[in-house]
Amino acid sequence: MSRSYVIGLDYGSESARGVILDAVTGEQIDSHVHAYRHGILTGALPGGVVLPRGWALQNAADYVEAAEEILGRLGRNRRVLSIGIGFTASSPMPATGEGAALSDIHPNDPHAYVKLWKHGAAQPYADAINRKGGDFLDNFGGKLSGEWLLPKAAQIAQEAPHIWEAAARFMEGGDWLVWQLCGTEARSLGLAAYKAQYSRVSGYPKGIVPGLEGKLSQPLPVGSAAGSLLPAWHARTGIEGPTTIAVAVIDSHVVLPAIGAVSSGCFVGALGTSAAYLYLGADYRPLPAGIEGVAIDGAVRDLWCYEAGQASFGDMLAWFVKAFPRGGSMEESFALYNAAASRLPAGSNHLIALDWWNGNRVPLADSMLSGLLLGLTVHSTADGIYRALLEALCFGARTVLDLYRAAEFTVDRVLMTSGLARKNPLLVQIMADVMECAIEVPQIANATAVGAAIHGAVAAGLVGTYRDGAARFGAREFQTYRPRPDTAEPYRALYAQYRTLCANASLRRVMRDLGEVAAAPGEVSLPPQPRDGGSVA
């Protein structure tokens, strides 16, 4: 019998990554990365239409192009039994009833495009929804972030009613990609529950945005089969089938089985452009104050997954290195900054930062907040600033972990994964110091894409459970970082100062006011914002 394979696709903010594994042995055979043709649209649309500040869009056509390139590169002339997909979220888009992206039909209208998770211009609509309130907010800390689907729907409904009327469907980019691959609209319970506040008991929230309920559909649990790869895709990619397509999974969630996080008591950080922190529990418990959301069967079958995160993580460090380069490339600059920062004792830089470059997710859920660097003097150095940014990320991560600790959740293991966890040992060591606990980093390449492949294998029945999938395809080795005793006191003091800054309401008002300052001459102003509910019904 010829060899058979499974493929996992990981759709991130800037690019998509694919990995192909032997379906029997779990061996990684090959991987491929494809950068999106149009990247992240923050300045203008492909046709030149200028975007207001705070916007972050993507072109859905880039997702299809990436799938064709990756699947063709990895799967041509191979028998592929399943394809799983992890997708950055919440990144919703309007589509027709036949699945066509409205950006193809209205290429010069910004509201026809995918609103990427970091699209901050929907935050005022989240504020309006939060003021109105509702029982559906109970499992989401009592408030929505502007990153999520409902505020983005409200923004389109108010600012572009013609697009809203033309949209028969409003859906996550990951669900839309699954539709393109198998010809069936199959929404993910994970995407629906965490990003659109779907409940198995009450369904989607009602009366939030006019017409929204008719543009949504009932979701399927993760690990479900959405359908089979269409014949046209077999022809385009050369993949031999039949090939099962799994429902999409949030990219930070999809990694869990690849790193062996398939049991209660695991606390997992997925450290990428942004960071997501997930806690797995066998039983439901009330949401700890400040945590973003909780659902069952949305990340791993038969486990409750609590979600929190930092809206800016790796992209904050990338901003610094791009703005103040030290080497001939990004990689060289990072290496030089990390080497220099590692020589600075904890607390010696006399600086502290707030890691809110893309707003704050936990515990404030406010996309309009911004970063802060405090303590600058004529003696401050670039190395010290970089070290302060690393520490701020770790303080933000500890804030999340402390919310679980305060609510007496049992944390048996702390794991950190995704690109930065393996590429930046200094960051993980500082995180262990700040958190004052051991941190495990799985030694596995392409962890997120492997996790997606495991979801596909479950959907196709190639493995019976996620534990089986983790055993066959997942990480087998872990590197452990342990806290250094000499860092405990300085980091306790700095963390206390960080928490004081986070709690300063006056400081947050200044940040919001800065975001609302009129655009400079020649720039596009933000559209009118809702003050008393806006388009919220």
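**Close-up views of a predicted model**

**View 1. Asn 349 and the residues around it.** Leaving aside neighbours within four places in sequence, Asn 349 is in contact with Gly 384, Arg 387, Ala 388 and Glu 391; contact here means heavy atoms within 4.5 Å. A word on the ground rules: this is a predicted model, so local features need pLDDT of at least 70 and side-chain atom pairs count only at pLDDT 80 or more, while totals for chains, interfaces and linings use all residues. Residues are numbered from 1 along each chain as its sequence is written, and side-chain values use heavy atoms, with hydrogens and water left out. Asn 349 is found in the loop between helix H11 (330–342) and strand E18 (352–354). Helices (H or I, at least four residues) and strands (E, at least two) are DSSP runs, numbered from the N terminus. With 12% relative accessibility, Asn 349 counts as buried. For that label, buried means under 20% relative accessible area, exposed means over 50%, and partly exposed is in between (1.4 Å probe, protein chains only). A polar atom of the Asn 349 side chain lies 2.9 Å from the backbone oxygen of Gly 384.

**View 2. Arg 326 and its partner Asp 383.** Arg 326 is found in the loop between helix H10 (314–323) and H11. This arginine is partly exposed, at a relative accessible area of 37%. The side chains of Arg 326 and Asp 383 are joined by a polar contact of 2.4 Å. A polar contact is a pair of N or O atoms within 3.5 Å; within protein, one must be able to donate a hydrogen and the other to accept it, and residues adjacent in sequence count only if both atoms are side-chain atoms. Beyond neighbours within four places in sequence, the contacts of Arg 326 are Ser 333, Leu 336, Tyr 337, Ala 340, Ala 382 and Asp 383. Take Tyr 337: Arg 326 is eleven residues from Tyr 337 in sequence and 7.6 Å away in space, C-alpha to C-alpha.

**View 3. Strands E1, E2 and E3.** Strand E1 (residues 4–11) pairs with E2 in the antiparallel sense over seven bridges, and E2 pairs with strand E3 (residues 28–35), again antiparallel, over seven bridges. Two strands pair if DSSP finds at least two bridges between them. E1 and E2 form a hairpin with three residues between them, and Val 6 has Leu 21 in E2 as its bridge partner. On the other side of the story, Gly 18 stands opposite His 32 in E3. The hairpin of E2 and E3 has five residues between the strands, and there Gly 26 takes a positive phi near 85°. Strand E2 (residues 15–22) has six of its eight residues buried, so it is largely enclosed by the rest of the structure.

**View 4. Aromatic pairs.** A search of the whole structure finds 28 aromatic pairs. Rings of Phe, Tyr and Trp (its six-membered ring) pair if their centres lie within 6.5 Å; planes under 30 degrees apart count as stacked, over 60 as edge-to-face and the rest as tilted. Tyr 63 and Phe 87 make an edge-to-face pair, 4.9 Å centre to centre with 90° between the planes. Tyr 63 sits in helix H1 (residues 60–75) and Phe 87 in strand E5 (residues 79–87), so this pair ties together parts that are 24 residues apart in sequence. Both Tyr 63 and Phe 87 are buried. Tyr 279 and Tyr 404, by contrast, are stacked: 5.2 Å centre to centre, 25° between the planes. With Tyr 279 in strand E15 (residues 275–281) and Tyr 404 in helix H12 (residues 382–406), the pair ties together parts that are 125 residues apart in sequence. Tyr 279 counts as buried at 4% relative accessibility, and Tyr 404 does so at 0%. Ring pairs also link Phe 267, Tyr 277, Tyr 279, Tyr 306, Tyr 404 and Phe 409 into a cluster.

**View 5. Charges over rings.** Lys 215 lies over the face of Trp 164, at 4.9 Å from the ring centre. The charged end of Arg 413 sits over the ring of Phe 478, 5.4 Å from its centre. The rule asks for NZ of Lys or CZ of Arg within 6 Å of the ring centre and within 35 degrees of the ring normal.
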